[in-house]
Amino acid sequence: MVHSAKGVLALTAALLLSTAAVAQDKRVVTWNADYDPIPLAAAEALIADFEAANPEIDVQLTNFDHEGYKNAIRNFLTANPPDLANWYAANRMRPFVEAGLFADISDVWAENGLMESLASSVPSSTIDGKQYAIPYTYYQWGIYFNRDAYAAAGVEVPGPEGVTWEQFLANCEKFAAANIDCVTTGSSALWPVAGIFDYISLRTNGYQFHSDLAAGKISWTSPEARAVFEQFGRLQPFVTDNHAAIDWQDAAALFVQGKAANYVMGNFAVGVFKEGGMTNDNLGFMVFPEITPGLARAEEAPTDTIHLTSGAQNPEDAKKFLAFMASAEAQTKWNAAVGQLPTNKNASVDAADPFLTAGFEALSTATGGIAQFWDRDADAEYAKAGMEGFQQFLVQPEQLEAILARLEQTRLRLYPQ
Amino acid sequence: MAQATQTGAAARWSQRKIAPWLFLAPGLFMFTVYVLWPIVQSITLSFYDWNGLYNQNGEFTGTFVGVANYAELMTDPAFEISLWNNVKWLVLYMLALPIGLFIAIFLNQTVTGIRLYKSLFFFPFVISQVVVGLMFAWFYAPNFGLFYLLTEWITGDGTAILADPDLVTYGIIIAGLWPQIAYVMILYLTGLNNVAPDQIEAARLDGAKGWKMLWYVVLPQLRPATFIAVIVTVIGALRSFDLVSIMTSGGPFGSSRVLSYYMFEMALGEFGFRMGYGAAIAVVLFAIMMIFISGFIWKMWRDETER
Amino acid sequence: MFPRPIQQSGPAARWLYTIALPVALVIWLFPLLGVALTSLRPAADLAQGNYFGMPSGIAWENYVYIFTQTPMAKYMMNSLWVTVPTVIGAVSLSLMTGFALAVYGFRANILVFFMFVAGNFVPFQILMVPVRDMTLQLGMYDTWYGLALFHIAFQTGFCTLFMRNFIKALPYELIEAARVEGVAEWRIFWFIVLPLMRPAIAALSVLVFTFIWNDFFWATVLTQGVDSQPITAGLSSLNGQWIAQWHLVSAGSILAALPPVLMFFLMQRHFIAGLTLGAVK
């Protein structure tokens with residue numbers, strides 16, 4: 001059953017009507033989600049499967065507009081909690097866990113062997129030793145490149161193993177000479193710059209350092225943090241001008257047109273690139289180059305999750321559904337439909353999609369660890385301050401000292417030593 | 001008989017005592033609930049740390065922190081930038097007065113079709129600030145925006161004004177001035193209509209013209225219009241939320257923030273939900289506005305008691 | 001009259017003025033004209049970088065697209081649902097408050113009056129968190145009536161100022177005479193004052209209509225989805241989806257601007273009378 005979110009009255013009316021219409025003896029599980037049309041259809045298909053296997057349960061999904069959901073969840077968790085709600089892992093779920101609005105589901109993890117099958121997502125689903133989330137999908141980040149732009153600038157196209165950092169920067173010189181932006185981004189919404197920063201940080205100092213940095217444990221004026229900005233500074237001259245005034249989709253247009261050669265992005269952008277006219281023939285993917293030799297490779301893969309609310313009316317059946325969403329079969333099916341990667345290591349991906357298989361390969365061999373993305377690894381306020389600093393550095397690299405001092409001031413305020 | 005008239009008069013007198021409050025009741029009630037009481041609540045909230053959440057039992061989850069929010073404001077660079085940008089807005093918005101007066105004088109003629117011209121010049125004020133913001137965002141857009149192309153043509157290197165941390169606020173202020181000038185213009189046009197013709201003629205016979213006439217004869221008569229224009233311009237400058245939100249969301253890296261936007265960002269933005277801190281920013285904004293409100297009320301008080 | 005009528009100047013000056021008027025107007029309305037033209041430009045032109053050249057055709061389909069493929073029509077209806085009740089509510093309330101403050105000389109009169117005037121100028125941000133929280137608690141978040149109730153309350157401030165001054169300017173003898181006749185106070189309001197208020201009601205209605213139609217801040221704070229968002233907030237969220245599709249952004253902008261513009265042209269005299277209240281003695 002799917003409803004779209006309406007005003008409180010309309011929503012209540014719809015719920016009343018639908019519960020009345022559905023056979024009385026079914027037990028209802030309510031689920032609030034924020035899906036675009038394709039993921040929504042995939043979720044409906046999963047609900048149908050689940051209901052077929054559990055005919056006594058009726059899962060009712062209420063879908064919200066993606067942007068509105070960020071606001072709505074704060075209201076409905078208190079005022080009118082569903083049984084299940086979509087959200088994000090790591091620090092993004094922390095406020096809801098701390099306010100006691102998300103319920104502990106460690107038992108679901110234990111009873112279904114999820115510690116093992118969802119091993120890579122354990123850290124991001126855990127707060128204070130308890131699990132509060134069921135991760136069911138993620139997607140890789142990395143460098144997407146335009147083969148035509150490489151050809152136009154006479155630069156050798158990277159192989160599947162990527163290139164070294166020195167080689168990448170040397171290529172950038174050639175792109176600059178050919179009047180092509182080596183790396184493009186559109187940072188008016190801030191987060192795209194965090195993708196670049198995260199990778200340089202992960203590659204310079206490794207996963208643990210980056211994770212500590214996001215957690216406010218490391219000084220921005222430490223030599224390690226400066227080393228990250230030093231590498232960031234080497235890339236800075238080759239990033240598209242005026243990126244601060246354009247959106248990531250505007251930059252995607254530059255990339256598709258061959259005015260830019262590389263784009264540090266998440267896999268969701270492939271759809272936009274292909275809509276713009278690119279194909280598997282001229283669109284390439286590589287992992288971000290190694291900077292400090294010998295570091296275990298870590299990757300960036302934001303995870304989407306489902307949560308049991310503390311106000312759930314039917315937690316028993318909701319937990320059944322959570323276990324189902326954690327299963328390999330459900331994750332294989334949902335992610336195949338949406339074009340993302342399952343978090344269950346026993347699930348499989350579509351072998352015909354080169355970007356999915358490359359991503360699956362990259363993530364399953366990332367022995368360094370999986371980062372969630374800056375704005376999910378760091379607390380909200382810290383995340384924002386960081387992203388503004390990264391953006392400013394890309395616009396005004398000469399302001400480095402001021403940027404670091406300000407970030408450090410923010411850190412000391414948020415995480416008193 | 002006399003008795004009856006007296007009770008009748010007494011009833012009417014007490015009716016006249018009660019009637020105003022009955023007429024006031026609905027409006028006063030709404031105004032208290034939605035305006036006066038929230039001001040008190042916001043001031044209270046500014047002494048709390050609250051993420052906007054209630055717990056499962058519907059209980060407020062905030063904690064009292066005293067003046068910590070205000071103390072933090074003192075050292076918050078984003079607050080400083082916002083405050084400084086508000087000053088820029090206030091000062092530059094005042095340009096609406098001379099420009100609006102200039103256009104009003106330009107249009108104060110009686111040629112055919114002038115009425116239509118006046119309406120069309122007034123047009124920008126009628127349009128939503130959201131639309132004005134989108135129009136100017138298009139005008140400033142990097143690579144193809146008309147302003148960008150113009151600067152590219154003149155200097156050889158295009159200026160993407162909304163990506164430039166030093167220029168972005170001025171770019172937004174210009175967008176805001178457009179409708180504000182239109183507003184001021186219409187105030188002055190009405191004012192000019194009511195300038196006493198005999199005084200002008202008398203001054204003309206004395207040989208006054210041009211600037212002298214404007215400064216010594218016309219402007220003094222436009223004082224009421226100027227007063228209203230200053231008030232609406234100050235309010236417009238401090239309410240600059242819409243344009244900042246539409247054109248830059250405060251960016252790049254917070255360079256175009258103003259207090260009204262920063263407050264929203266802190267309280268309801270994606271990385272915000274610091275309701276107490278947001279409330280503290282709002283209290284500062286309120287205090288700034290109170291300076292102007294007091295001035296306005298004081299002048300009204302004088303006018304009222306003069307009458 | 002100031003400045004000196006152009007008719008008294010030489011032919012050269014008159015000729016210059018006739019040229020200067022349209023030129024100045026085009027420069028003044030340039031952003032608007034540019035957007036209006038872009039709204040009729042085919043998408044293909046923009047894709048090929050033809051932003052300002054001769055359009056390859058007139059693309060009414062941009063508007064068709066907006067009405068058929070986006071919730072624009074719904075947003076406009078939502079705006080109407082918020083705007084019309086607000087106009088009725090704010091005008092009715094302020095007729096009463098204005099009457100009370102203009103006609104009766106009670107002690108708190110000036111205080112209440114100044115309170116309405118001052119409230120009208122407070123920054124929205126100081127009201128935001130409590131009003132949003134209260135609207136949520138009352139279950140009116142994301143509904144047209146939740147938004148309209150706030151607008152009614154807030155606009156009552158400005159409207160009271162207007163109505164009170166208007167009624168003050170009416171001949172007080174009318175009311176005195178009625179009182180001598182023994183007419184009840186509410187009948188004085190209804191049968192004597194109200195009929196004289198038509199111009200004030202008209203002026204306030206068009207003004208409040210425009211203010212509320214153009215409101216973006218409260219639309220953002222108190223609504224969130226297609227079902228209740230007014231056009232300003234709707235246009236802003238569509239703008240987020242229409243990245244780089246300036247023909248759609250332009251067409252949407254023109255549509256959002258149209259109702260207040262029409263209102264202004266139809267009711268111009270009242271509109272300006274309302275806006276310039278107090279600009280002359």
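**Close-up views of domains and a chain interface**

**View 1. The two domains of chain A.** In this predicted model, the assignment for chain A gives domain 1 (2–139 + 303–364) and domain 2 (141–300 + 379–414), with bounds from an automatic or database domain assignment. Their C-alpha centres lie 31 Å apart. Look between them and you will find 9 residues of domain 1 of chain A in contact with 10 residues of domain 2 of chain A (C-beta atoms, placed from the backbone, within 7 Å). The domain 1 side has 6 nonpolar, 3 polar and no charged residues (Ala, Val, Leu, Ile, Met, Phe, Trp, Tyr, Cys and Pro count as nonpolar, Asp, Glu, Lys and Arg as charged, and the others, Gly among them, as polar).

**View 2. Chain B against chain C.** Here 79 residues of chain B are in contact with 75 residues of chain C. Helix 1 (residues 2–45) of chain B gives the most to the chain B side, with 19 residues; helices are DSSP runs of H or I, at least four residues, numbered from the N terminus. Sorted by class, the chain B side has 60 nonpolar, 15 polar and 4 charged residues.

**View 3. The two domains of chain C.** Chain C is divided into domain 1 (6–59) and domain 2 (66–275), and 34 Å separate their centres, taken over C-alpha atoms. Where they touch, 8 residues of domain 1 of chain C are in contact with 6 residues of domain 2 of chain C. Helix 2 (30–38) and helix 3 (43–47) of chain C each supply at least two residues of the domain 1 side, and the largest share, 3 residues, comes from helix 2 of chain C. That side divides into 5 nonpolar, 2 polar and 1 charged.

**Notes.** Residues are numbered from 1 along each chain as its sequence is written, while chains are lettered from A and ligands numbered from 1 in the order in which they are written. As this is a predicted model, local features need pLDDT of at least 70 and side-chain atom pairs count only at pLDDT 80 or more, whereas totals for chains, interfaces and linings use all residues.

Note on methods: Contact = placed C-beta atoms within 7 Å.
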